[in-house]
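Good morning, and thank you for coming. Please look at the structure on the screen while I speak.

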There are 2 protein chains.
Amino acid sequence: MSIHYPSGQGPVHFQKPLVNKKTSRYQSTYSKRGMSLEKEINESNQYYLATHQAVIHKKPTPIQLVKVDYPKRSAAVIREAYFRRPSTTDYNGIYKGYYIDFDAKETRNKRSFPLKNFHQHQINHLMACVAQGGICFAFIKFTTLDLLYLLPATKLFEYWQDQKNGGKSSITLATIKKDGIKVEYGLNPRLQYLPAIDQLIAIYEKGEKHE
Amino acid sequence: MSIHYPSGQGPVHFQKPLVNKKTSRYQSTYSKRGMSLEKEINESNQYYLATHQAVIHKKPTPIQLVKVDYPKRSAAVIREAYFRRPSTTDYNGIYKGYYIDFDAKETRNKRSFPLKNFHQHQINHLMACVAQGGICFAFIKFTTLDLLYLLPATKLFEYWQDQKNGGKSSITLATIKKDGIKVEYGLNPRLQYLPAIDQLIAIYEKGEKHE
């Protein structure tokens with residue numbers, strides 16, 4: 001095994017510390033931000049994998065290794081490393097022959113979703129995947145309302161460009177309701193997002209036929 | 001940002017230490033094994049991305065975080081963490097609307113490729129992706145011969161099953177030449193593997209029509 005990183009990508013400073021303590025022992029819930037949606041999606045992915053419906057995984061967070069110890073007769077221990085900014089979105093995989101690519105984002109807002117949750121590199125990656133024919137979207141959760149939507153990447157690009165041209169810095173919930181596909185809760189998996197992807201695929205195939 | 005791992009996946013002990021020193025400062029070439037093929041593939045991927053031909057990335061190695069420091073006014077420092085066994089292959093992405101998934105493997109052997117380079121979880125992952133219609137393969141390099149092949153995952157499954165039934169523990173180069181698609185070196189990128197994927201896609205489409 002060897003690890004290589006694209007050149008010019010040094011360690012990044014995250015905008016916020018993941019927890020507020022100076023030093024903390026890691027727990028499974030070390031960050032509130034985005035936690036519950038990610039957990040829900042990961043559980044759905046495990047269910048979809050086990051039932052042969054889709055193969056979608058969360059990508060590991062890239063790490064810049066600096067120092068690693070190799071104790072005798074036990075596992076290698078990373079003693080100094082830094083988080084890196086990912087060059088892609090968090091999730092990708094395959095469903096019914098389609099390449100699936102998305103990022104999961106949460107907001108506690110009740111009326112709109114702030115575009116600052118996205119970064120230019122994520123938009124660039126989604127654009128490159130859309131150009132290759134991928135089914136790409138943002139998985140958005142309004143946590144206080146418990147509302148979930150898949151927002152097609154092509155719509156996200158419009159709002160992103162509009163913002164760069166001095167337009168609104170957020171997408172209203174009304175707009176997301178209009179442009180997005182609602183994700184319903186169920187029993188198993190709790191988060192049933194493949195039916196919403198089916199709708200995105202139908203929209204994509206319809207768009208392809210118009211060309 | 002939050003990180004979750006599938007349950008039941010504790011830190012893994014790698015078969016070999018990545019380097020032989022007890023403690024080592026990390027360098028860009030900290031492991032010989034698999035290094036040059038991975039570097040070649042990563043460079044090709046960067047070229048294919050920049051020229052809008054394909055979006056294929058190497059997945060980061062998953063890490064189990066244990067202790068992280070958050071110094072004031074500087075980046076978070078990982079102080080204790082362990083390597084985890086990935087649950088997927090190393091590379092995936094999209095090309096011409098097709099989901100692409102593969103692992104890169106090198107051997108210094110001149111006559112055959114040892115199947116012990118693969119692990120059951122990688123085979124399982126490739127099987128799940130093939131079932132969804134992905135273009136899946138092993139990217140195999142005979143380093144001393146400088147020969148490269150894409151071996152279709154479906155062929156790999158046959159040899160893997162044969163080995164489990166007491167058959168041969170390696171695939172001969174002659175077999176790989178027969179069942180695989182040769183990858184040619186070029187100028188830019190040095191490793192021209194998209195034309196080989198085109199051939200795999202043609203084989204896949206032909207197979208689909210026979211159904």
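The side chains of Arg79(B) and Asp69(B) form a salt bridge, with 3.6 Å from N to O; the term means that a side-chain nitrogen of Lys or Arg is within 4 Å of a carboxyl oxygen of Asp or Glu. Arg79(B) belongs to strand β4 (residues 77–83) of chain B and Asp69(B) to strand β3 (residues 63–69) of chain B, so this pair ties together parts that are 10 residues apart in sequence. Strands, by the convention used here, are DSSP runs of E with at least two residues, and helices are runs of H or I with at least four, numbered from the N terminus. At 33% relative accessibility Arg79(B) counts as partly exposed, and at 17% Asp69(B) counts as buried. Buried means under 20% relative accessible area, exposed means over 50%, and partly exposed lies in between, with a 1.4 Å probe and protein chains only.

Before I continue, please note that this is a predicted model, in which local features need pLDDT of at least 70 and side-chain atom pairs count only at pLDDT 80 or more, while totals for chains, interfaces and linings use all residues. Residues are numbered from 1 along each chain as its sequence is written, chains are lettered from A and ligands numbered from 1 in the order in which they are written, and side-chain values use heavy atoms, with hydrogens and water left out.

Over all chains, a search of the whole structure finds 18 salt bridges. One of them joins Glu40(B) to Lys141(B), whose closest N and O atoms are 3.2 Å apart. Glu40(B) lies in helix α1 (residues 35–50) of chain B and Lys141(B) in strand β8 of chain B, so the pair ties together parts that are 101 residues apart in sequence. Is Lys141(B) buried or exposed? At 4% relative accessibility, Lys141(B) counts as buried, and Glu40(B), at 9%, counts as buried too.

A further salt bridge links Lys178(B) and Asp179(B), with 3.2 Å between the closest N and O atoms. Here Lys178(B) is exposed, with a relative accessible area of 63%, whereas Asp179(B) is buried, with 14%. In chain A, salt bridges that share partners join Glu40(A), Lys141(A), Asp146(A) and Arg190(A) into one network.

Strand β8 (residues 135–142) of chain B has eight of its eight residues buried. In a regular strand, side chains alternate between the two faces of the sheet. In β8(B) both faces are covered: Ile135(B), Phe137(B), Phe139(B) and Lys141(B) are on one side, and Cys136(B), Ala138(B), Ile140(B) and Phe142(B) are on the other.

Which strands pair with β8(B)? Strand β6 (residues 98–107) of chain B pairs with β8(B) in the parallel sense over eight bridges, and strand β9 (residues 147–152) of chain B is joined to β8(B) by six bridges and runs antiparallel. Two strands count as paired if DSSP finds at least two bridges between them. Glu106(B) stands opposite Lys141(B), and Phe142(B) stands opposite Leu147(B) in β9(B). The hairpin of β8(B) and β9(B) has four residues between the strands, and in this hairpin Asp146(B) takes a positive phi near 55°.

Next, the helix α2 (residues 120–131) of chain B. This helix has 12 residues and reaches 16 Å from its first C-alpha to its last, close to the 16 Å expected at 1.5 Å a residue; the expected span is 1.5 Å times one less than the number of residues. Its buried residues are His121(B), Gln122(B), Ile123(B), His125(B), Leu126(B) and Cys129(B). Just after α2(B), Gly133(B) takes a positive phi of about 95°.

Finally, the aromatic rings. The whole structure holds 17 aromatic pairs over all chains. Rings of Phe, Tyr and Trp (its six-membered ring) pair if their centres lie within 6.5 Å; planes under 30 degrees apart count as stacked, over 60 as edge-to-face and the rest as tilted. The rings of Phe102(A) and Phe137(A) have centres 4.7 Å apart and planes at 10°, so the pair is stacked. Phe102(A) lies in strand β6 of chain A and Phe137(A) in strand β8 of chain A, so they tie together parts that are 35 residues apart in sequence. Both Phe102(A) and Phe137(A) are buried. Ring pairs also link Tyr47(A), Tyr48(A), Tyr91(A), Phe102(A), Phe137(A), Phe139(A) and Tyr193(A) into a cluster.
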